Amino acid sequence: MTPPLPLPTVELSADQARRIALRAQGFLGAPDRRAGVPGVLRQLGAVQLDTISVLARSHELIPYARLGAVGRRAVEEAYWSGGRTFEYWSHAACVLPVEEWPHFAFRRRAYRTRPQWSHDLSDAAYSTVIDQLRAEGPLTATELGGAKNGGEWWDWSESKIAVERALMYGEVVCTERRGWKRIYDLAERAIPDAILHDDLDDTECLRRLVALAGRSLGVGTRADIADYHRLKGEQFDAVVADSGLVPVAVEGWAKPAWADPEALLSEPRGRHRTTLLSPFDSLIWERARTERIFGFAHRLEAYVPKPKRLHGYFAMPLLAGGRLRGRVDPAREGTTLVARQVSLDGRKAVVPMAEALVRAASWVGCTDIRLERVDAPELREPLTAEIARTLA
């Protein structure tokens, strides 16, 4: 039997690939405000969570960057009420649309057969936590017996170890946070019956996740698409041919790529958003991809020793005109947004940086903006004047 001929590879310019990526991530074209924050989450497929809070926590910054000044209470309600989401290990700890629960069955099974854990755990302690949740309903780790043994970081109590293990296994689920504390419940109560059971085999889970990641990215290399939900390269290889993604060759990209077929149906056009991005935003969370698409070297420096930081603790890239044109390391002092360090891609970035700073300040309830360090001293005065004009 003659093997089928390979599909012809679609050729894309670097500019087309950049605009496809922006549209797929919700930054090109008018935002669908009717869909709101739940719509943003469905489009992205995963929103990364992190403990750092500067202007706001990262999961709040993600919809803000796409929708503008959406109410912060609306963000929290979209994530943590109505049974629309669950929290699990995707790209990292992420909030995910509840309909994606079946797709992570492969990971839950892998955790259940994991031979090594960093904490020992007795069967009795595990059963005690499950029985308590069954009897008392949703609880925090503190309510389950305390989260810590008294030490720092990973010095967890036995009940905390048990409930986190149960979360990884899929017997317990986190569908809500209060004051940043996870609220745990039994999956059998929290996840709709229609999608609760792990009926998908590993191959089908991987195929769906690769297809979804390709849709959320628009276009990407093997590493880009696999990294979106932290799959292994060989897992991507095993299912990409059946994922529906289209092989493409992108100008200037050294490696093969794949695109969401719907992304290729029309030229990506529309209005570009001007905004500050969380370092954990899925548009830029993969450093090699960010540099390849935008020519922008991006690194979160929160965990870098202060003397070695180049751009600041929580430097937020400036997206304007579909390009990354600078960054700012922000802080809040009362009602003042403090730009501790600003980097600009020349004078053309002054106006959009001022606009982005003023919008962000207004969103978090700040009425004033103070510049501390501007990397290009000659741009300090024009930026100050533009901020004052925009505030007025």
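Analyst: A search of the whole structure finds zero disulfides, a disulfide being a pair of cysteine sulfur atoms within 2.5 Å. Cys 94 is in none, and the nearest cysteine sulfur, that of Cys 174, is 12 Å away. Cys 174 is likewise in no disulfide.

User: Is Cys 94 buried or exposed?

Analyst: Buried, at a relative accessible area of 0%. Cys 174 is buried too, also with 0%. Buried means under 20% relative accessible area, exposed over 50%, partly exposed in between (1.4 Å probe, protein chains only).

User: What should I know about the model itself?

Analyst: This is a predicted model: local features need pLDDT of at least 70, side-chain atom pairs count only at pLDDT 80 or more, and totals for chains, interfaces and linings use all residues. Residues are numbered from 1 along each chain as its sequence is written, and side-chain values use heavy atoms, leaving out hydrogens and water.

User: Salt bridges next. How many?

Analyst: The count is 30 salt bridges. The rule is a side-chain nitrogen of Lys or Arg within 4 Å of a carboxyl oxygen of Asp or Glu.

User: Which residue does Arg 182 bridge to?

Analyst: Glu 87, with the closest N and O atoms 2.6 Å apart. Arg 182 lies in strand β6 (residues 181-186) and Glu 87 in strand β3 (residues 85-89), so the pair ties together parts 95 residues apart in sequence. Helices (H or I, at least four residues) and strands (E, at least two) are DSSP runs, numbered from the N terminus. Arg 182 and Glu 87 are both buried.

User: And what does Arg 18 pair with?

Analyst: Asp 15, at 2.3 Å between the closest N and O atoms. Both sit in helix α1 (residues 14-24), three residues apart, so about one helical turn separates them. Arg 18 is buried at 5% relative accessibility; Asp 15 is partly exposed at 31%.

User: Switching topic. What is the order of the strands in the open sheet?

Analyst: The five strands run β10-β11-β12-β13-β14, with mixed pairing. Strands pair if DSSP finds at least two bridges between them. The edges are β10 (275-276) and β14 (368-374), each pairing on one side only.

User: How do β10 and β11 run?

Analyst: Antiparallel, joined by two bridges, with β11 covering residues 316-320. Thr 275 stands opposite Leu 319 in β11.
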